Amino acid sequence: MIRLRVPDRLSSYLVLMGRPTKQGLMLLADALMLVFAVWAAYAARLGEWFVPNRSQVLLMVIAPLLAMPVFLKMGLYRSVIRYLGEQALWSVFKGMSLAALLWTVLAFMTQMTGWEGVPRAVPFLYWLIGFALVAGSRFGARWLLWLPTRSRFSGKQVLIYGAGDAGRQLAESLRRGRELFPAGFLDDDQNLHGKDVGGLRVYPPEHLPTLLERFDIHDVIVTLPSVSSVRRREVVALLEQYPVRVRILPALTDIANGRHLVNMVREVDIGDLLGRDPVAADPTLLGRCITGKAVLVTGAGGSIGSELCRQIAALQPGSLVLLEASEHALYQIHRVLQSVLGCELVPCLGSVGDAALVTRLLHKHRIATIYHAAAYKHVPMVEANVLEGARNNVLGTLTLASAAFDADVETFVLISTDKAVRPTNVMGASKRWAELVVQGLARQAGASGTGQRFCAVRFGNVLGSSGSVIPLFKEQIAQSGPVTVTHAEVTRYFMSIHEAVQLVIQTGSLANGGEVFLLDMGEPVRILDLAHNMIRLAGYTVRDEGNPEGDIEVVVTGLRPGEKLYEELLIASSNGVGTSHPKIMKADEPSLDPDTLAERIDQLRAALEARDEDAVRAVLMSVAGEQRDDDRAARIVET
């Protein structure tokens, strides 16, 4: 402990010194080192203890007098030693080279005047020793100044994956902070291995286990803002094998919009593990149904609805009507949009099942496009509240779509779900019924020649939506577990909410009427693997039979009523038809003829009026038997 207090006190004393005092101290140190460098050059050349004569002493004194102006010009006294980078070596090299050249010219000029000559090797030795002393003193001082800081950050040191510009900037930002300290870089570039970048050593990724123990590392920050999502996923997959908390620096465009690099470092999310590279949106498809038109979004305060509103606002609609049943949710999205929307913004508190309300809205604001996102979507909640689920999801859609048809609305887009495919629960069945309603109105529009377009778009789980498994896992991990998974083999498809909504908007432009569009959800994710990954990426270990001393346990609770083991892989379905957009397909789904649809709706209304849950459930689930059955149905588990 006594040994560490001396550097601590010395460092504190040097840091607190005034800037002119520090520069004066550096000048004095350089002058003494250069005088010594000339003497050492003579001694090395002669191979013995060297006692200079009068002319040689004069040359030694002249050396710093020639070098100081050069060093000042090269900016060697402007650098802050604590933040000195490897670029300072180039400045020292240039400054020392020019100073040595001037000294050599003067030394050989004195030989011409008859003074005692200078051995030819002395100038080179002077340059070499002087460069080593001047550069070494600066980096030695930097090490001394950071030594107590490293001690203070013991156990809070991080490794930075990526020694590029973003990594170096992050390292400098961390050094100025008080929470984390950079211990070094990890990088795939073999040319950088073993070298110092910004005062930090660059290590190959395979040295990570040793570094974790040597520096007591608990965090790794990935600074690869310009690489593809696939490469980022590979890096995250490598790091998740170790007991570290992994965080990621955002993309370059996000950094450009930020104010402080350290504050932009975020936690790893499921999007980094998916490795999806979204396809760029087609601007013509985005604006076709929105720009300059009156747009209505139902469920405007929900996860999908609010993102729809934000993206629609950026496409310059003529007006935007927000229909939402929750007062708080409507207030929140209205407050957000007020600051960014340059058109008429109409908040409306109410339900899609209120026929008088939706009719008045459509006619008063002359709505041209409707995005119907209002629905009860949580499987267990709808399973426990069958009547309300059917009333809102089916009859609410029927009320809104019928009013849209009567009001000559140009485009109607229903937000559906992959759970509508061979549904095993009330929520999925109610959404399939909503699709049938939209298909029925599309057939009616086609028969009457109105040119109206009614369509639906299906997709799976969106990241960050309310009730999603991701926020649940994060909450459970924050509470030290256990993390609950319904079944060890459950898989789900995931897509970012931004990408999903962007594709939804484009489907409206692709529609002719009656289509059920499918979004390419990529590869399915095993939920148990997702839980393990999220635990490891949070810096904890999984407690199981192989590791009974782990931090957080994963508990399998069993499938919930109506829950599927596997969701349908829609994009690989044989009834999928491509569109002009690579991420959007059409499903060749059967529809009901108008008489059958009307009869079924009447049955549903009667069951709802009688408040007969069993009858409502039976009517809703009847759509499951009408969808094509194949070997994939065996993969669906009902409880």
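Guide: Happy to! Let's start on the outward side of helix H13, where Glu 327, His 328, Tyr 331 and Gln 338 are exposed. Please keep in mind that this is a predicted model.

Now turn to the other side of H13. Here Ala 329, Leu 330, Ile 333, His 334 and Leu 337 are buried.

How far apart are the end C-alpha atoms of H13? The helix runs over residues 327-338, which makes 12 residues.

What covers the buried residues of H13? The cover includes helix H12 (303-313), along with strand S9 (319-324) and strand S10 (344-349).

Let's step back to the whole chain. Its secondary structure comes to 22 helices and 23 strands. Of its 639 residues, 51% count as buried. Among the contacts with a separation of 6 or more, 75% are between residues 24 or more positions apart. The accessible surface is about 29700 Å², and 55% of that area belongs to carbon and sulfur atoms.

Next come the nonpolar cores. In soluble globular proteins, nonpolar side chains tend to be buried together. The largest nonpolar core in this model has 54 residues, and Phe 454 and Leu 620 have the most contacts inside it. Beyond its neighbours within four places in sequence, Leu 620 is in contact with Val 386, Ala 390, Val 394, Val 426, Ala 429, Ser 430, Trp 433 and Leu 604. A second, separate core has 41 residues, including Leu 315, Met 495, Ile 497 and Phe 517.

One last stop is the cysteines. How many disulfides does the structure hold? The count is 0. Cys 455 is in no disulfide, and the nearest cysteine sulfur, that of Cys 289, is 8.2 Å away. Cys 455 counts as buried because its relative accessibility is 0%, under the 20% cut-off. Cys 309 also has 0% relative accessibility, so Cys 309 counts as buried.

Note on methods: Residues numbered from 1 in each chain as written. Predicted model: local features only at pLDDT ≥ 70, side-chain atom pairs only at ≥ 80, totals over all residues. Heavy atoms only, no water. Helix = DSSP H or I, 4+ residues; strand = E, 2+ residues; numbered from the N terminus. Buried < 20%, exposed > 50% of the residue type's maximum accessible area, 1.4 Å probe, protein only. Contact = heavy atoms within 4.5 Å. Areas by Shrake-Rupley, 256 points an atom, 1.4 Å probe, with all protein chains shown as cover. Disulfide = S-S within 2.5 Å. Core = buried A, V, L, I, M, F, W, Y, C linked by side-chain atoms within 4.5 Å. Expected span 1.5 Å × (residues − 1).
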